[in-house]
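Subject: Structure handover

Hello,

The structure is placed just below. My notes on what was found in it follow.

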Amino acid sequence: MPRTYIGALRGFDDGTDVVIYGWLQEARIMKNVSFLILRDNTGIIQATFKNDEATLETIKRINRESIVKVQGVINKKSVSKSGIEIKGTSVSVVNEAEAPLPLPVIDPVQADLETRLNSRFIDLRKRNVSAIFRIESSLLWGIREYLHGQNFIEVHTPKIVAAATEGGADLFPVRYFEKDAYLNQSPQLYKEVLMSAGFDRVFEVGPAFRAEEHNTTRHLNEFTSIDIEMSFADHNDAMSMLENAIKSGVENAIRTKNDDFEALGISISVPETPFPRITYEKCIELLSSEGIDFKFGDDFSPDHLRMIGSRFKGFYFITEWPASVRPFYTMPKQDDPKLTNSFDLQYREIEVTSGAQRVHDPKMLVERFREKKLDVKSFQFYIDAFKYGMPPHAGWGLGLERHTMILLGLNNIRETTLFPRDRTRIVP
Ligand code: AMO
């Protein structure tokens, strides 16, 4: 008989014979009957067994979290909470779990995050933990779907590279035979080169590596970056693309992941678009109205951003950042080159996306390299792509884990990362 997923049992008639496989969450042995609580990826079900001698012998020996096979009959007149159970006819162990478990799955007092991450494979068995990743997947699916609908193609660019993109200090060096190489911080250079190659619109979902020393609740040393680049477009086009992509992701999650939101005990709503936009200079005015002295050209601290963010309900853009705090590829504002055609998407004090219109004129690009005191030689492949027909272009990079974290109201980026890489953690 084929296997039935636990979540599908409800669709069968009372009295149907079924076979289910799952993790044994709990066994309760009473005087005349035993109850096995079984769990798979789709749900939880109770199987009830009469205590004949052989069955009782088996049930007594099964450790929690063992993989078991239960054969039985659907009972829809059950008095159990879910109104459905299996009247078990046979039970066997497919693969035994050792005891004790490194971490309990039924965990009335939640273990601390470090302990949970050390035994992440068990931690992820908890319904309210796996829910995060199902939702994350559906957010990403909705974003992908939207971008495909806008004629973007998904690309994959190298992660072993010869030059820095987002600032030289935060690079992980790797040995590449007889050459020096690094783990890529962002697909920035390659996605721009693909504009010169004529692809018009590309997106990539891939790992980005940052050797940042600070160990915070919103920084990882390896994160998943959703990047887009589009030709014949400016920062305003990129911002609308971002709003709509985010909206599509949230809509998809709400449409498909009701049970997971329930498991987390939260509900979210589709953000209203367009997101409010506030310029960097307006932010300074806002801060000074609160009595905070802020120098033009500096970056905002988390405290500053908390204050600015308190003025907005959800997402908002900070636009027109000064050139001093933006990378070399950012297009200066035409009538005021101290500023740039750039933006960050914020959610309260947290930055979830950076983006901009890019410099497309090769001469201006080389000038920007000089201003930033970068070695033009190590960017030659990138500069060459600008010399033979580069369209004007714009794009952004959205951090998937941060995005999921803010939407679900979680307070640590490690919660939305299966196996986080941080300043101290590289296993598991
Ligand atoms: P930036 O460096 O701002 O921009 O990164 C874009 C987004 O990626 C996420 N992010 C991180 N997430 C977790 N841990 C980190 N250490 C980390 N660093 C960044 C954030 C951030 O907003 N090339 C540009 C993008 C572009 O202009 O297209 C870039 O990489 O959510």
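I begin with helix 12, where the buried residues are Leu400, Glu401, Arg402, His403, Thr404, Met405, Ile406, Leu407 and Leu408. Buried here means under 20% relative accessible area, exposed means over 50%, and partly exposed lies in between (1.4 Å probe, protein chains only). Helix 12 spans residues 400–408, and because nine of its nine residues are buried, the helix is largely enclosed by the rest of the structure. Gly409 comes after helix 12 and has a positive phi, near 65 degrees. Helices (H or I, at least four residues) and strands (E, at least two) are DSSP runs, numbered from the N terminus.

Two remarks on the source. This is a predicted model, in which local features need pLDDT of at least 70 and side-chain atom pairs count only at pLDDT 80 or more, while totals for chains, interfaces and linings use all residues. Residues are numbered from 1 along each chain as its sequence is written, and side-chain values use heavy atoms, with hydrogens and water left out.

The protein as a whole

There are 12 helices and 18 strands in the protein. Its C-alpha atoms fill a box of roughly 85 × 55 × 40 Å along the principal axes. Of the 428 residues, 50% are buried. The protein exposes about 21200 Å², and carbon and sulfur atoms supply 52% of that area; accessible areas come from the Shrake-Rupley method with a 1.4 Å probe, and for residues only the protein chains shown count as cover. Among contacts between residues at least 6 apart in sequence, 64% join residues at least 24 apart, where contact means heavy atoms within 4.5 Å.

The ligand

What surrounds the ligand? The shell holds 24 residues, and the closest are Gln188, Glu212, Glu351, Ser354 and Arg358. By class, the shell has six nonpolar, nine polar and nine charged residues. For this count Ala, Val, Leu, Ile, Met, Phe, Trp, Tyr, Cys and Pro are nonpolar, Asp, Glu, Lys and Arg are charged, and the others, Gly among them, are polar.

Helix 5, strand 11 (222–231), strand 17 (350–357) and strand 18 (393–399) each supply at least two residues of this shell. Strand 17 gives the largest share, five residues.

A polar side-chain atom of Lys191 is 2.8 Å from an oxygen atom of the ligand. A backbone N or O atom of Val352 also lies 2.8 Å from a ligand oxygen atom, and a polar backbone atom of Thr353 is 3.2 Å from one. The protein covers 94% of the 620 Å² of accessible area that the ligand has on its own.

Lys191 is part of helix 5 (residues 188–196). Is Lys191 buried or exposed? Its relative accessibility is 3%, so Lys191 counts as buried. The side chains of Lys191 and Asp227 are joined by a polar contact of 2.6 Å. A polar contact is a pair of N or O atoms within 3.5 Å; within protein, one must be able to donate a hydrogen and the other to accept it, and residues adjacent in sequence count only if both atoms are side-chain atoms. Leaving out residues up to four places away in sequence, Lys191 touches Val202, Asp227, Ile228, Glu229, Arg358, Trp396 and Gly397.

Strand 11 and its partners

Eight of the 10 residues of strand 11 are buried, so the strand is mostly covered. Strand 11 pairs with strand 10 (residues 201–209) in the antiparallel sense over nine bridges, and with strand 18, also antiparallel, over seven bridges. Two strands pair if DSSP finds at least two bridges between them. Ile228 of strand 11 stands opposite Phe203, and its bridge partner in strand 18 is Trp396.

Backbone details

Most residues other than glycine have a negative phi, and most peptide bonds are trans. The peptide bond from Ala99 to Pro100 is cis, with omega near -5 degrees, and so is the bond from Thr273 to Pro274, with omega near -5 degrees. Phe232 has a positive phi, near 50 degrees, and sits in the loop between strand 11 and helix 6 (235–256). With 62% relative accessibility, Phe232 counts as exposed.

Regards

Methods:
A residue is near a molecule or strand if one of its heavy atoms lies within 4 Å of it.
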